[in-house]
Amino acid sequence: MMGDGIIIASALAYMGLLFGIAYYGDQRADAGRSIIANPYIYTLSLAIYCTAWTFYGSVGLAAVSGVDFLPVYLGPTLMAVLFWFVLRRIVRITKVHRITSIADFIGSRYGKSGLLAGMVTLIVMLGILPYISIQLKAIAASFSLLRQYPEVSRLAISTQHPVWMDTTFFVALVLIVFTILFGTRHIDNTERHEGMVAAVAFESMFKLLAFMLVGVVVTFMLFDGPGDLFQHAAEHPDLAPLLRFEVVPGGYGGWLSLTFLSMMAFLFLPRQFQVLVVENVNEAHIRKAIWLFPLYLFAINLFVLPIALGGRLMFNNGDVDADTFVLALPMAEHMPMLALLVFLGGLSAAASMIMFETVTLSTMVCNDLVMPILLRANPRWLAGQTDLSGLLLGIRRVGIVILILLGYLYFRFVSESYALVTSGLVSFAAAAQFAPPILIGLFWKRANRRGALIGLSGGFLVWAYTLLLPAMARSGWIGTDFVDTGLLGLELLKPYALFGLKNLDPYMHSVFWSMLLNIGGLVFGSMLSQPDPLEQVQGSQFVDILKRERHDGDSLLWRGVVETAELYDLLSRFLGPQRATEAFDRYAHDHGGYPLQADSRLIHYTERLLAGAIGAASARVMISSIVMGEVLSIEEVMTILDESTQVLEYSRRLEQKSGELEAASAELREANNRLRELDRLKDEFISTVTHELRTPLTSIRAFSEILLANPDMEVEQRSKFLSIIVKESERLTRLINQVLDMAKIDSGRIEWHMDEIDLRTLIQDAINSTSQLFCDKAVALHEELGDAPVIIDGDHDRLTQVIINLLSNAVKFCPEQGGKVTIRLQPSSNRWRIEVIDNGPGIASDQHKLIFEKFHQVSNAHAGKPKGTGLGLPISQRIVEYHNGRIWVESETGKGAMFIVELPGTL
Amino acid sequence: MSNKILVVDDEPNIVLSLEFLMKQAGFQVRTASDGEAALAAITAEPPDLVLLDVMMPRKNGYEVCQAIRAHPDWASVRIIMLTAKGREVEREKGLALGADDYITKPFSTQEVVERVRELLAEAG
């Protein structure tokens, strides 16, 4: 015997541990440091899919029909493959619209339909009862078995005891308490339960480890490894067929329908929707879950067959219920600790399912069933309440109590006679009814409320008639006549062979007819009716979820007027003043304050927050009760929608285009600036050139006129004036040439004739050309050019021009008496250096750079001696720089000047 | 008593030609080759008329013009601006700054002499 006290104490301690984890998770979430915000926790939380059904039931099924337990895990694996296409959309929509549950999702999709959401809630409630009942059954059964330790016997959980002596009833009560503690501590506007998710992730690890431990013990301790185990099984006449995959009770059609059902159930069971969608923190986690979750399923299924075979080999046929092999084997082997661990693992799997499912369901019942009814029945009373969050919590708690008790009743009166898996599949088939409205609604905009209502009710009725009612009939609740002969004796209405469709297993049969009606109803119902504006808005928003960056389409629908204060009052009634204030502060922070008269954006914001607490449909009703305004016509909505999708597409393209344009226009602007600057420089240049040309012309004209007007002028004066005219004419010519040179150089149109030239000869030539100047002014020239030729690469004529320019400048600035110019050619490191030195007045150091600028002239007033053009040095500089050389001046006022040209070239 | 003319230009040959023309017309002529020198000459003895070049080193013609007009004692000094920049703006600027007339280079010698005579006659 294992004392009840020990078992109960460990169970309570384990639940306490889970509660501690959940509590810690909530604390961390409130502090903004989530512990569940990583893909591994997310994946583990998905394993809430593996309930007592998996823990005990898989082995039970495998013991009878071999690999038949697999489709239930194949389905989720296949669904995981589709995660990125389907789940990501659903998650995105849920976040954007603050959807709180699967009922809310379907209701929202079809125009925030309260009717549809309520219907989904009802279907879920009925559909989920068998599922809850088998969890209760599993806990009670494992408890009853374990307390017999080490005795292992087949014992039916008796439902003959009165309720107050029934273990299962007490299990249900304990679960109610824990569920209320876990799940309804406060009302959130996102309806997320981080703590519970953390606890689920933990228990997923725990049940996996417990199960694998049993597997390892059976495979390696009871037998000598898998080879030995399968060897034994193969020799057993009853077991051999299991290994040959011959026993497929429902045929391959059965496999197919089971795989399909579990695919849908994995996504659309309320608790699955909750962990997969509502509790998802980050879309990126889905990516990891795609491969990680199938891995978990693989791990937990690895030892199903070994345990099943081991059980069959260890216990003689019929001695022990195959559904309890996992627990019975350690017990039979006298391993109390392992047995206790397994019990806790099973408890954990069952309890987490019940708790999560009922919390989720109670939210749905509250938001989508009770609140809408209250709103309709007694809006005045509701409007009078200042804080409704207490009411909401109360409704949810009552919902939890009722749901678990209903699950208990179903167990007590219906599912007792069924194996775990069989009852569970009834629930799966119910959840599958949500697949058409959700999946089709995700991709087909025209799917509308009427279609969804028709489809869903059709599917639901078929499900109830072909699966639920027969199950109840078998339990003796209602007569079995209709099962055997059809309703009203009509052959066509036999629940397992509707319209003569025979020879299918009941699930395949039910799935076929319910899906046919469901999908058909949805498609034809939608095509034959017109959606109202809100349905169109929602449909388009859901389908285009991934295309849209901004999601304010339905905010357009609020065109009415309401005071911001009224909105605040409404929100604080449902969320409490503190959360309402926080929410409005956040809005003010994001939008820079809020208007006194709420605009459509603020109304929409409030609606979404409210939707988080009481569901989309109820939120819609509440808001419209205080917003005075008109409803948009269908044409207006269509226009807005069409425009907004088109505009979005346009704006995306425009954005791209405008990015390109921006770059282009920046380039243009730069080019334009450059042009404008060049234009300005050109203007200035022309203005300066004009001035420079007019100056000699002025002298020429003035003296010519003077000479013309004074024919009897003295000869000496006449020739002086004439020589001025000549010199100014020369200056004009030089100026014109140099301006042209300059223009050519600056515009790059000058032709360079690069060749090997002898610098020494070149300088010699330049000296010869300017000898007349030296002669005229009696300036002495010293040459220090060396003896050997100096060969470099260069343009002979241009370099000659530079040297002539320097020599003539030197002569020009030499004193009238004792002028002296030195020209020198010498190597300087790996360059050639030409120096032209005069003994003139010198150049002040602040002028050293300026003299190389165009038209800059050192003032040198002297009648009869025309000034330079102001272009000689700038041109020289450009020529030298073209040769990769350098030209500069070294001088001090009063001490002559030395112009230096350095040209590259080797010795 | 003949009128006194001050010729201001940094181009020696232009100064030479104007000096010759003014002397021939019977005026007393002094010359200056930049703005500072011009103001010094005016301070030393205010002339009746200044022939004033614009583009000069060390104070350009506009500055000299302004300085003359700013001085109450020199109110009777006539100013003719000479410039090689023939744009209309330059002319307006010169007149706005208080110049009495404006001649563009290259000028007609006859016209220069006539304008000088006219201005001096107006002044009486």
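Let me start with chain B, which has five helices and five strands. This is a predicted model, so please keep that in mind throughout. Read from the N terminus, the elements of chain B go β-α-β-α-β-α-β-α-β-α. Chain B has 124 residues, and 46% of them are buried. If we take the contacts in chain B between residues at least 6 apart in sequence, 60% join residues at least 24 apart.

Now the sheet of chain B. What is the order of its strands? The five strands form an open sheet with the order 2-1-3-4-5, and the pairing is parallel. At the edges are strand 2, residues 28-32, and strand 5, residues 101-104, and each of these pairs on one side only. From one strand to the next the twist averages 20°.

As a reminder, the strands of a sheet are paired through hydrogen bonds of the backbone, in a parallel or an antiparallel way.

Take strand 1 of chain B, and look at both of its partners. On strand 2 of chain B, the pairing with strand 1 is parallel and has five bridges. Within that pair, B:Ile5 stands opposite B:Val29, which belongs to strand 2. To get from strand 1 to strand 2 the chain passes through helix 1 of chain B, and this β-α-β crossover is right-handed. The other partner is strand 3 of chain B, residues 49-53, which pairs with strand 1, residues 4-8, in the parallel sense over four bridges. There, B:Val7 has B:Leu51 of strand 3 as its bridge partner.

After helix 1 comes B:Gly26, with a positive phi near 100°.

One more point on chain B, at the other end of the sheet order. The peptide bond that leads from B:Lys105 to B:Pro106 is cis, and its omega is near -10°. B:Pro106 sits in the loop between strand 5 and helix 5, the latter being residues 109-123 of chain B.

On to chain A. How many helices and strands does it have? The count is 34 helices and nine strands. Chain A has 907 residues, of which 47% count as buried. For contacts in chain A with a separation of 6 or more, residues 24 or more positions apart account for 81%.

Chain A also has an open sheet of five strands, in the order 4-6-7-9-8, here with mixed pairing. Its edge strands are strand 4, residues 780-784, and strand 8, residues 886-891, each pairing on one side only. On average, and ignoring direction, neighbouring strands in this sheet are turned by 15° against each other.

Strand 4 pairs with strand 6 of chain A, residues 820-828, in the parallel sense, over five bridges. A:Ala780 has A:Lys820 in strand 6 as its bridge partner. Lying across strand 6, strand 7 and strand 9 of chain A is helix 33, residues 796-813, which runs at about 25° to strand 7.

Last, two loop residues of chain A. A:Lys112 is not a glycine, yet its phi is positive, about 50°. A:Lys112 is in the loop between helix 6, residues 102-109, and helix 7, residues 114-147. Is A:Lys112 buried or exposed? A:Lys112 has 26 C-beta neighbours inside 10 Å, so this residue counts as buried.

The second one is A:His334, also not a glycine, with a positive phi of about 55°. A:His334 lies in the loop between helix 16, residues 325-332, and helix 17, residues 336-377. And why is A:His334 classed as exposed? Because A:His334 has 10 other C-beta atoms within 10 Å, and a residue is exposed at 12 or fewer.

Note on methods. Residues numbered from 1 in each chain as written. Chains lettered and ligands numbered in written order. Predicted model: local features only at pLDDT ≥ 70, side-chain atom pairs only at ≥ 80, totals over all residues. Pairing = 2+ DSSP bridges. Axes fitted to C-alpha atoms, helices over the stretch in contact; angles between N-to-C directions. Buried ≥ 20, exposed ≤ 12 C-beta atoms within 10 Å, placed from the backbone. Contact = placed C-beta atoms within 7 Å. Right-handed = clockwise from strand over helix to strand, strands pointing away.
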